[in-house]
Amino acid sequence: MVQYLVRRLLWAVVLFLAVTIVTYVIFFLVPANPARLAAGQAATPERVALVEERLGLNDPIYEQYWGFLKRLVFDGSLGESFVDRSSVNDEIFRAAPITASLVFGAMILVLVISVPIGILSALRPRSVLDRVAMTYVLLGISLPSFWVALVLSYIFGFKLGWTPIAGYCEVVSVPQAANCGGFGDWAYHMVLPWLALAIVQAGIYVRFVRAEVMDTMTQDYVRTARAKGAPERKVMKDHILRNALLPVITILGMDIGLLLGGAIFIETVFGLNGLGGTAIRSIGQFDLPVLQGVVIFGAVAIILFTLIVDLVYAWVDPRIRLT
Amino acid sequence: MADELLVVEGLKKHFPVTRGIIFQRQIDAVRAVDGVSFTINEGETLGVVGESGCGKSTMARCLLKLIEPTEGKIVFRGRDISKLSRREMRPLRREMMMVFQDPYASLNVRKRVGFIVAEALEVHGIATPAERKRRVQSLLEVVGLNPEHYNRFPHEFSGGQRQRIGIARALAINPTLIVCDEPVSALDVSVQAQILNLLKDLQKEFGLTYIFIAHDLNVVRHISDRVMVMYLGKPVELASRTELYTAPKHPYTGALLGAVPIPDPALGRLRQRVVLEGDVPNPINPPAACNFHPRCPRFHEGHCDVETPELRNVAGHAHTTACHYPLEKWPMTPQEIRYDRSRTAAVGS
Amino acid sequence: MTALLEVRDLRTQFQTEDGFVKAVDGVDFTVESGKTIGIVGESGCGKSVTCLTIMGLNERRNTTSSGEVLFNGEEILGASGSRLRSLRGKEIAMIFQDPMTSLNPVHTVGRQLVETVLLHNDISKAEARARAREALKEVGIPRAEQRVDDYPHQFSGGMRQRAMIAMAMINDPKLLIADEPTTALDVTTQAQILSLMQKLQEDHGTAIVMITHDLGVVAETAHEVVVMYAAKVVERGTVDAIFTAPQHPYTWGLLGSLPRLDAEIDRLAQIPGQPPSLLNPPRGCRFHPRCAYVMDVCREKVPELMGVSHDAAHEQACFLDEETKTREAARLFAATMAAGTSG
């Protein structure tokens, strides 16, 4: 177990290095001069050269990378924005909670939607409910999430006016200038983004839960449980669900990357200034350090989350031996 | 000797068990096959019998070089093939074929029967397409299938018919040696009898040599000329079938024979049953010396757990067994079970 | 004394996409207390479905059953769900073919045993655990005190089947239904399990329904035998009657196609063809397309189970006259019978 953990952590480090190298190299090989962008369109060549010098763009790329890595590892610093010289760390720490609220909220919502529907669907295959659920699955697979987001915000936000169309409210440490804050406002503002992100994902999960439950129902140990005289409710709870939902939870953990990707669109549609919004803005401004910071932060989050999921899985499923 | 088809000497297959954080180092090995030697003559059937995990299937795959043996010699028609590369093996593959246990899993479900049977012909570049088709149809007839079924898919056949397809496939390129790995254990008895009869008929017709691997002692007795009993990767007894089944020498063989239920209630009631206690030990860490000693009813402390018994002749003509205290009588009498340990009990049925 | 279990004219059919499959089609047998009845037949002959029907464990949605299943005189076919649940695991227990998959992988063996106890007994968890340990000890699991907390994957195949048996026997049932309990096991493990079942039967007086395709297992364990073919009973009688004076050509075929440990037979007497599809079974006697003794009447009329003249307890469903049968049986089994008596 300890050895497994050590090995996984070492792999995580290797992966982390790979991610930093790749992002660094790609971003700095793009055929545009960041110094020119930073200095402004009207800048004189001297001014551009000065900026290049200041940003360290004249050094060979490996030295630049080494400097970047040193700062990242020893100071935990992701560098400074080209645009306004603000700290990338600050920017990410401001944006991350917003994206995290979106992604984790949506994840929970995915389970809340897909598990009951999936189970009911599995219990009554080919029933009306099952057919409706399968139609939903089809929609979930084929609809793009940003389109769903736009439709939701048009209907519930614009037409019906039930929910806000855009914006984010802090739960804790509400800034004084903010016009909203606290858990209620936070959730109220997040409802539509959550729904938009979750509805599409949940479609895929309904089918997955249904398949897992149906598969588990035919297992011999379920028949054993019935042969013992266990009532159906107990059979479902103790023998079917635990086995059927294990892989669902795992896949959901693995899919966090997918949700992060989806979050970029959702944030844009709902004007949430999270990591996705930040990334898109930095692309527009060609602010490489910020973009790089977002990518690296996202990658680390995914690596860590996958590790946690693996450990949890091993803890819940006694058959997995971590060696 | 001229008619020795296959000679196997000291065949071993160890699967490494590795551990390590970054660099995997081998800490142990699963001794799946751990020193098997035997000779098989042209036209005979060698039965290999043993319980699951005794290494019989791994051995079969080593013989055909489907997996690389760790150690030992495999001499086919006087030529050592154990070190041959895949390329060098290719012409020899025409001589040796395999029939598998699960007739469904071993057939490509997306291919038509005609293609499945003809594939080996194609691979070895034998015959023109038209000749191939004729050959396949005659093969289907040989194995008792309708030649018209040439264009059907495997799922359209029953289990027994699928096994017939598997046999036709093995026969396609006129092999000398066919290794059958549990070919009838997935089949119902009435169908099993059909396949066993078919295998016997084919042997007569084409002069085939079989290595017949099975866990069912009845089946092995029926089909084999000689029988090898394996336990934990090692052969414990090798004899002609009549000798092995009527005068077994190794206590494990005795226990196996004693455990098989006989479809004759009167005889069953008369029989003394020796029920072996416990399970087959882990092949990663097998017991020292004679690896059967912890379960053996004739265990002698200080001998069986210290000195490894070698295969040796015990009863005249080529009846070999690896035991320090071979059985003297069969059926075993309670007196013969000298070491009366509490875990082992003679149970009369 | 009434029989413990009486099955009369049991019929079960499944609705499938292709039509109705009559998986059990008029099966009768009785089980006496403390006795073992063997049900033999090839896969798909309806032997397992018969037992699942008795237990009420068939899928409800697409299954219909009719007939009578009397347990201790009480009709349990179509009994309420709660009545059936109170019988299952308490009065009637069941073990299955594959011990590797019949235990829930995510619960400890102990927890699964405890569950069985608590479902039917109003006792504390600690008492239930004590019973679980006792049960594991009784079925011969070494170090039962520690192993009770193991997960199924930590047990070998034989041990898992022991644990299944412990779970089945823990509430001291009157009837144990064993569906191919040793098919997935090695022969030495099979011998262990069969002796264990025999010992438990002697200690507890449990009646056993032993479903198997292995005639050897039946010969060694059963007092009475029911031979099934294509959802119907073709022959039944005491174990000695079935093995020494079989009356039905299918039984002959089964016995003849068996390679024997106790005799060298050059060529097995095979039954040609395949078992029929139950979607569309043959008219008349279901065995007639594969039968070497087929007569015109076999193609038209369905043979009923009838007593054999010299043995009222021995019944068979074949139109052949007894004289022919006696002659044929003697001829067919000359080889094995001779070997049997000399060996």
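Two residues are in contact if their C-beta atoms, placed from the backbone, lie within 7 Å. By that rule, 22 residues of chain C are in contact with 17 residues of chain A.

This is a predicted model, in which local features need pLDDT of at least 70, side-chain atom pairs count only at pLDDT 80 or more, and totals for chains, interfaces and linings use all residues. Residues are numbered from 1 along each chain as its sequence is written, while chains are lettered from A and ligands numbered from 1 in the order in which they are written.

**Chain C and its neighbours**

On the side of chain C that touches chain A, the elements giving two or more residues are α2 (81–87) and α3 (109–120) of chain C. Helices (H or I, at least four residues) and strands (E, at least two) are DSSP runs, numbered from the N terminus. The largest share of this side, four residues, comes from α3(C).

Chain C also meets chain B: 37 residues of chain C are in contact with 38 residues of chain B. Here two or more residues come from each of α7 (187–204), α8 (215–221), α9 (239–244) and α10 (249–256) of chain C. With six residues, α7(C) provides the largest share.

Ala, Val, Leu, Ile, Met, Phe, Trp, Tyr, Cys and Pro count as nonpolar, Asp, Glu, Lys and Arg as charged, and the others, Gly among them, as polar.

| Side | Residues by class |
|---|---|
| Chain C, touching chain A | nine nonpolar, eight polar, five charged residues |
| Chain C, touching chain B | 15 nonpolar, 14 polar, eight charged residues |
| Domain 1 of chain C, touching domain 2 of chain C | four nonpolar, two polar, three charged residues |

**Domains of chain C**

Chain C is divided into domain 1 (5–226) and domain 2 (248–342), with bounds from an automatic or database domain assignment. Their centres, taken over C-alpha atoms, are separated by 30 Å. Nine residues from domain 1 and six residues from domain 2 make up the contact. Strand β2 (residues 19–31) of chain C gives the most to the domain 1 side, with four residues.

**Strand β10 of chain B**

In strand β10 (residues 234–240) of chain B, six of the seven residues are buried, meaning that 20 or more other C-beta atoms, placed from the backbone, lie within 10 Å of the residue's own. Two strands pair if DSSP finds at least two bridges between them. Six bridges join β10(B) to strand β9 (residues 226–231) of chain B, and the two run antiparallel. Within this pair, B:M230 stands opposite B:P235. Their hairpin has two residues between the strands, and B:L232 takes a positive phi near 50° there. Strand β13 (residues 320–321) of chain B is joined to β10(B) by two bridges, also antiparallel, and B:T321 is the bridge partner of B:E237.

Key: Buried ≥ 20, exposed ≤ 12 C-beta atoms within 10 Å, placed from the backbone.
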